[in-house]
Amino acid sequence: MTRSLVPTVCPYCAVGCGLYIVVDDGKAVGIEYMQDHPASEGSLCPKGNAALEMLYHPDRLTHPLKRAGEMWLSISWPEALDLVAGGLSKALREGGPAGLGFIASSKCTNEESYLLQKMVRSLGCANIDSCARLCHSSSVTGLGRALGTCSTTNILSDLANSRCILAIGTNFAENHPIVARWVFRAREAGGRLIVADPRRTPTAWGGDLFLQLNPGTDVALINGMIKVILDEGLINRRFIEDRTEGFSDLESSLEGFSLSEAERITGVSASDIVGAARAYARSPASAIVYCMGVTQHANGTDNVQALANLLLICGQIGRSGAGIYPLRGQNNVQGTCDMGCLPDFYPGYLSFEDPRTQEAFRRAWGSNRLPAKKGLTSLEMMDAAAANGTIKAMYIVGEDAANTHPCSKRTAKALGRLEFLVVQDIFLTETARFADVVLPAACWAEKEGSSTSTERRIQWHEKAVEPPGDAMADLWIICNLARRLGLNFHYRSSKEVMDEICDLVPIYRGAKPSASGGVLWPCKKEGEISILHEETFPLARGRAIIRSVHFRRTAEETSSRYPFLLTIGRIGAHHNAGSMTMRSPSLLGMAPHRFVEINPKDALSLGLDDGADVVVETARGEARAKTRSTDRVMPGTLFMPFHFPGANHLVRGYRDEHSGMGELKIAACRIERC
Ligand code: SF4
């Protein structure tokens with residue numbers, strides 16, 4: 001028997017924990033912990049420990065499929081690729097590049113994401129997006145405008161050096177559990193943890209101060225804290241003068257804003273807002289950690305800008321322990337954005353509007369067809385398809401849009417109206433059921449490549465085992481398709497693609513990603529940059545931008561028909577639309593069915609026992625669930641995880657005007673026994 005340990009990265013969340021796959025005679029038989037990994041130090045959460053469980057699941061796609069009425073026919077790769085190239089070429093001929101839409105996968109490697117967007121743009125098409133539209137596009141826009149970068153500013157382990165951590169809209173204790181080890185190390189050293197969330201989560205249990213704000217009132221809470229800091233002279237005037245612009249506008253914008261107003265809007269007592277503001281501003285090193293509770297709103301970019309304002313007026317950035325952490329969701333969503341799978345940026349967040357960028361990519365790629373304007377977001381592509389508009393054909397890689405997009409019924413209508421749909425995935429997802437052609441892909445353990453974690457860590461993983469049946473690596477699929485579309489895609493390996501990325505993408509220049517810990521971007525000869533913005537911000541004049549933002553009530557209002565506010569989020573056992581975790585027996589056993597949390601007072605008044613079968617209804621549709629009576633949620637609010645099919649049918653999906661983020665967090669609803 002030959003046994004080997006193959007270094008790799010957990011395929012679930014963006015913390016990017018390292019592990020080894022134990023391979024016996026070509027079969028993955030277990031995992032070993034990577035004790036010297038800089039982010040995880042050998043630990044894994046339940047999802048990481050169960051990472052191999054879905055590898056050999058009988059539902060894995062093993063052959064290309066083509067639709068034959070209501071049936072699927074197994075076909076060969078040459079036939080499948082010819083079909084796909086023919087369908088895309090027909091759409092190009094008939095509708096031009098604007099008639100195509102592509103969604104990249106945050107489960108693919110950096111090299112695969114890079115090649116997909118290169119193929120799309122080389123066809124003249126600008127319509128490429130990724131799941132970031134549904135999680136952190138508000139961070140890309142909000143932090144990009146305020147700080148010039150949109151990633152975590154400090155590495156995760158540096159959280160241990162913070163003396164005050166404001167965790168807002170994140171339940172990291174369940175959803176990024178390895179982050180908790182660094183936060184609790186800060187607490188052991190005397191640091192304070194302030195948690196702001198509408199729901200009393202396990203993260204809140206470990207906090208020194210819990211701000212249970214009304215859903216959708218983040219801007220009012222943060223502005224309330226800023227108002228206290230201004231009134232009590234707790235600002236860092238030197239930092240503001242030396243390193244920022246826009247402070248006086250923020251100051252005057254809050255002149256008429258009172259603490260009592262913040263209390264009235266948020267439901268958080270004025271004394272707690274004062275306590276949080278003082279703790280954050282006075283601590284020698286404060287950090288902000290946030291997630292989709294902040295971003296997934298129709299005012300998500302305002303929420304992010306408000307957080308940036310808070311840290312900038314206090315100068316809590318650019319030092320050890322001081323920074324901001326937008327915790328990304330999927331394991332390579334950071335890399336997928338870095339690689340330009342966004343409709344408004346080339347790789348490295350280089351702007352479409354800069355003619356020098358256009359010229360650099362035109363020369364490097366040898367293409368005269370690159371689009372000059374930004375494209376549609378994934379949600380706009382669905383709008384166009386649903387309205388029988390410009391989008392006629394789509395190619396979706398590793399995203400179950402039919403389940404994850406807001407108001408998913410509208411997405412299903414869009415997918416059903418497409419003239420041609422290709423889905424490339426590891427399982428036959430709900431989205432794949434609408435496809436004309438399904439391409440079976442290898443999963444992370446079955447291919448080599450790099451991914452970038454939420455802390456900017458580019459990590460290489462080797463191929464550990466062979467994919468099932470005829471499934472192939474996405475890189476192989478994209479290259480073979482691109483050649484059929486007339487493009488010169490003759491890459492022999494992921495390493496060759498990474499060399500091109502390192503040549504072209506400034507933030508990756510010089511990167512030599514390795515297994516076991518990787519390398520942080522931006523890559524510098526003099527060593528890793530574990531803290532961004534120590535001296536400057538990559539914006540005009542090197543200064544960060546403070547912009548005043550006002551509270552706007554964007555969440556759906558309750559009514560006599562829909563008297564509850566439903567909040568939607570994640571739980572520890574599952575991941576995204578659940579296509580992998582629902583096929584992992586140990587994870588499914590932890591959370592086998594959908595539930596809805598309801599406050600015991602509301603449960604009593606509605607006569608609902610714990611575990612009652614209920615239907616939760618919004619103006620868009622309904623979902624069945626079992627009740628969990630708990631004071632984690634406030635009276636008048638409910639919580640439901642989105643991993644089980646149907647939850648995202650319930651939300652409106654109103655768009656953030658700045659980032660195009662779809663509102664996924666809140667919906668007015670009713671709940672009844674069924
Ligand atoms: Fe995987 Fe994230 Fe858990 Fe680490 S914290 S083991 S990356 S799911």
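In what order do the five strands of the open sheet stand, and is their pairing parallel or antiparallel? The order is β10-β9-β8-β12-β13, and the pairing is parallel. Two strands count as paired if DSSP finds at least two bridges between them. Helices (H or I, at least four residues) and strands (E, at least two) are DSSP runs, numbered from the N terminus.

A word on the numbers: this is a predicted model, in which local features need pLDDT of at least 70, side-chain atom pairs count only at pLDDT 80 or more, and totals for chains, interfaces and linings use all residues. Residues are numbered from 1 along each chain as its sequence is written, and side-chain values use heavy atoms, with hydrogens and water left out.

Back to the sheet, whose pairing is parallel. Its edges are β10 (209-211) and β13 (323-326), each of which pairs on one side only. Ignoring direction, neighbouring strands are turned by 15 degrees against each other on average; angles run from 0 to 180 degrees between N-to-C directions, and axes are lines fitted to C-alpha atoms, for helices over the stretch in contact. β12 (residues 286-290) pairs with β13 over four bridges, and here Ala-287 sits opposite Gly-323.

Helices pack on this sheet too. Helix α8 (residues 218-231) touches β8 (164-168), β9 (192-196) and β10, and its direction makes about 160 degrees with that of β8. Contact means heavy atoms within 4.5 Å. Helix α12 lies across β8, β9, β10 and β12, at about 125 degrees to β10.

α12 (residues 270-282) also packs against α11 (residues 259-266), at an angle of about 110 degrees and with the axes 9 Å apart. The two helices are therefore roughly perpendicular to each other, a label for angles of 65 to 115 degrees. Where they meet, α11 brings Leu-259, Ala-262, Glu-263 and Thr-266, while α12 brings Ala-270, Ile-273 and Val-274.

Elsewhere, the pairing runs the other way. Strand β4 (residues 65-68) is antiparallel to β5 (residues 71-74), joined by four bridges, and Leu-65 has Ser-74 as its bridge partner. In this hairpin, with two residues between the strands, Gly-69 takes a positive phi near 65 degrees. β4 is also joined by two bridges to β18 (residues 437-440), again antiparallel, with Lys-66 opposite Val-437.

Finally, the ligand is surrounded by residues including Cys-10, Tyr-12, Lys-47 and Ile-178, where near means a heavy atom within 4 Å. Helices α1 (46-49) and α6 (177-188) each give two or more residues to this shell.

Technical notes:
Angles under 35 degrees count as roughly parallel, over 145 as roughly antiparallel, 65 to 115 as roughly perpendicular and the rest as oblique.
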